[in-house]
Amino acid sequence: RRVRLESDLRQALIDGQLEVAYQPMYNLASGGLRGFEALARWRHPLLGEIAPTTFIPIAEETGLIIELTDQLMMRACKQVKTWQRRSPSTTDLKLQFNLSSNDLAHSALAERIEHVLVSSQLEARLLTLELTENILMERVEGAMPALETLRRIGVSLAIDDFGTGYSSLSYLSTLPIDSLKIDRSFVHGMKDGVKDIEIVRGIISLGTSLGKSIVAEGIESNSQLGQLRELCLERAQVHER
């Protein structure tokens, strides 16, 4: 099965079978739409939906992740640009896109991102690249020049699943990072007691003191929205259904 999926994934990239799902992000104070996180999806013609947790590791192990990232990022950036052209109210919609460890280690990362932006005509300020804590900490030294180049051209950077990895606070204060995304496990746990509420409160306080924007992901209920508003959180990402 593993060998077959690898072969089928190569063909899926050639045929353009992979799709992009758009998970909305909102301003909690106004309720207005701020943008989307682009998520990779694969609907296999015979096997049906293949979970990202299955095909993304295969793409990383085989080196296909670079092509997958470039292809889907280009598609997502062009889609956001299309929405902007259709309505003046969408001109500031932002796009968030996940990078893998292989992407961060790639020598031409900054050039690849610039090519996507130029080709799609999307403004750099509207693109945010997401990196998990562990990936960032593993690759931070070698990736710093590329990250600084991306920041210089206007691309934003975010730490995804914050609170589940092992970020060094000394690094966190100096890295060219614009925002932190609170992991959905903490948001989900707020309904069960004060422990996760205090963790979320602490992350918001830490991020705010460092001048970072804070986003909570995986919102599933009005109760969670209410709790996050009480904590003065600015942005939230709604769970995909």
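1. Buried residues (under 20% relative accessible area with a 1.4 Å probe, protein chains only) make up 48% of the 241 residues in this protein. Keep in mind that this is a predicted model, where local features need pLDDT of at least 70 and side-chain atom pairs count only at pLDDT 80 or more, while totals for chains, interfaces and linings use all residues. Residues are numbered from 1 along each chain as its sequence is written, and side-chain values use heavy atoms, with hydrogens and water left out.

2. On overall shape, a compact globule of 241 residues would have a radius of gyration near 18 Å, and the protein agrees because its value is 18 Å. That radius is taken over C-alpha atoms, and the globule rule is 2.2 Å times the number of residues to the power 0.38. The C-alpha trace spans about 50 × 40 × 40 Å along its principal axes.

3. The protein has ten helices and nine strands, read as DSSP runs numbered from the N terminus (helices are H or I, at least four residues; strands are E, at least two). Take the contacts (heavy atoms within 4.5 Å) between residues at least 6 apart in sequence: 68% of them join residues at least 24 apart.

4. Now have a look at K81, in helix 3 (residues 65–86). K81 is buried yet has no salt bridge, meaning a side-chain nitrogen of Lys or Arg within 4 Å of a carboxyl oxygen of Asp or Glu. The nearest side chain of opposite charge, E123, is 5.4 Å away. Beyond its neighbours within four places in sequence, K81 is in contact with S120, Q121 and L122.

Notes. Buried < 20%, exposed > 50% of the residue type's maximum accessible area, 1.4 Å probe, protein only. Lys, Arg positive; Asp, Glu negative; His and termini not counted.
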